[in-house]
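Open the model and keep the sequence beside it.

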Amino acid sequence: LSWSALVLREGGRVFVRGSEGYEEARLGQKWEAAQCRANSGGRRPFGPESHPTETWNLDSVGYPLAICRVGGPRDVSACVRFARSAGLGAVGVAGGRHSHACMASGALVVDLSGMRRCEFEARSGRLRCEGGALNGDAHAALDGTGRMLTLGHHPGTGLGGLVQQGGHGPLEKIFGLSVDAWVEAEVVLADGRLVRCSRAREPDLFWALRGGCGNFGVVTSFEFETYPFDQRLASLRRVHEIPWWSSARHLVRAFRDACADLPRTTSPLLVVRRRAATEDRYHLAAADGDLRVRDYIHEISWDILGPDSSKNLAGYHYTTSALLQVAPDAACDVVADFAARAPNDDCAIVVNQLGGKAADVAPDATAVFHRRAAFWVIVQTSWPTRPDFFTDPAAERAKAIAWARALRDALLPFCAGRYAALSADEAALAAAANWGDNYAKLQTLKAKYDPTNLFSINHNILPAATTR
């Protein structure tokens, strides 16, 4: 390949495998816990310099042919046109780099880490974000504005992956999914054209982008509507120790029962590990009781990193998930019993209650089909990576992955489908598990906008067969 023919005119750079800077471009810069802890004046500022884009899952990172760190949409277009003319089979997109597949071996990867600008316009109430923006960037732009939309749990997650897969988050019961606030997009298509789309302009394309998991192009700009929001929320955390002779069955069932009575303005979350379960509730309206008032942007949105800000940083992970239509006692017991026999203390099962305003939207209004699911169960694993006399990292990895997959399979009888985000094993279930009755329409639109499946490094939608 003649990489000199790939010219980036908006300040981008091309890192070919084996060249100087390639490894740094492949792995990004890892966050340290000290960067994520609040100082005496509150949470530290968030931005590309303080929190650079990091490759979150080092277990799945491959060796792309080249990584193109783009500076703007014209650079993205140049990369796509080059890939087509050079006969490259696939283009990957690295936004927040929490995807399990973005750094795929043998691909040309469009790295959006240089496009993280977010701006809030007070007059319109709109938030505009570049394609590589992270949750934390969007939160920083909204800080103090009295406005918000549903964003994800982790400050380092990219908007590109989060939003194009639907966008579950702590505020969905009151604001809906992230895609429900998405009003306009700028996207580079498989033929290299840069187009704008919305509900009124290229409506089929915009429909497909909202839940299509990156199958239809590289989104270089998002525009969202926002909603009135009091940044100071009442919250409650309960930590339940689980003795070795006991089980979490009663805790999981009690959480399920409590969720049935919670209003839309309360967002609950349960994390179950081998010896403890942690329950969080975030109250989006005034609530009675002895509750702690906390700042959503500067405190609550960082809870996923744990009390010492060391959890869920870049490392070696395997994650899978399931959307539950119902959670009978048998499903609750599956969660509790698998937690008890987790292979290590870093493995966790996260149970999120879904619904509210997100479920009010019709399943065919966007490409996100499974809006009626009651719970999203996320299975998170990691394992020791330093070998010693007692530890074989390869064996520990195999145990952790086998445990996670067995748990997912045990939940299948209760599933409505699954949410593509945080699912490392896209071949494990049929495409209908992601998109249900929307899949046929998505295949037709895939054939229109990406007939050669150039954008296939994702939870892939196969183009509908062409008839002659």
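Predicted model: local features only at pLDDT ≥ 70, side-chain atom pairs only at ≥ 80, totals over all residues.

Residues are numbered from 1 along each chain as its sequence is written, and side-chain values use heavy atoms, with hydrogens and water left out.

Start with the cores. A nonpolar core is a set of buried Ala, Val, Leu, Ile, Met, Phe, Trp, Tyr and Cys residues joined through side-chain atoms within 4.5 Å. Buried means under 20% relative accessible area, exposed means over 50%, and partly exposed lies in between (1.4 Å probe, protein chains only). The largest nonpolar core has 51 residues, and Trp182 and Phe224 have the most contacts inside it. Helix α8 (residues 203-209) gives the most to this core, 5 residues. Helices (H or I, at least four residues) and strands (E, at least two) are DSSP runs, numbered from the N terminus. A second, separate core has 35 residues, including Leu324, Val334, Val335 and Ala404.

Look again at Phe224. Contact means heavy atoms within 4.5 Å. Leaving out residues up to four places away in sequence, Phe224 touches Gly125, Arg126, Leu127, Cys129, Leu149, Leu159, Val163, Ser178, Ala181, Trp182 and Val183.

Next comes helix α10. The expected span of a helix is 1.5 Å times one less than its number of residues. For the 12 residues of α10 (residues 329-340) that gives 16 Å, and the end C-alpha atoms are 16 Å apart, which agrees. The buried residues of α10 are Ala331, Cys332, Asp333, Val334, Val335, Ala336, Phe338 and Ala339. Their cover includes α9 (249-261), β13, β16, β17 and α12 (393-411).

On a 1 Å grid over the protein atoms alone, a cavity is a set of points where a 1.4 Å probe fits but cannot get out; a pocket is an open set with protein on both sides within 12 Å along at least five of seven lines; lining residues have an atom within 4 Å of a point. Grid points are joined across faces, edges and corners, and a volume is the space filled by probe spheres set on the points.

The second largest pocket has a volume of about 420 Å³. Its lining has 20 residues, of which Lys311, Asn312, His317, Asp346 and Ser382 lie nearest the centre. β16 (317-324) and β18 (375-382) each supply at least two lining residues. The largest share, 3 residues, comes from β18. By class, this lining has 7 nonpolar, 9 polar and 4 charged residues. Here Ala, Val, Leu, Ile, Met, Phe, Trp, Tyr, Cys and Pro count as nonpolar, Asp, Glu, Lys and Arg as charged, and the others, Gly among them, as polar.

The structure also holds 6 cavities of 30 Å³ or more. The second largest cavity has about 90 Å³ of space. It is lined by 13 residues, and His153, Gly169, Pro170, Asn352 and Gln353 lie nearest its centre. β13 (266-272) and β17 (348-353) give two or more residues each to that lining, and β13 has the largest share, 3 residues.

Finish with two loop residues. Glu202 sits in the loop between β9 (194-198) and α8. Its phi is near 50 degrees, a positive value in a residue other than glycine. Glu202 counts as partly exposed, at 32% relative accessibility. Ser309 is in the loop between β15 (292-295) and β16. Ser309 has a positive phi of about 60 degrees, although it is not a glycine. Is Ser309 buried or exposed? Ser309 is buried, with a relative accessible area of 8%.
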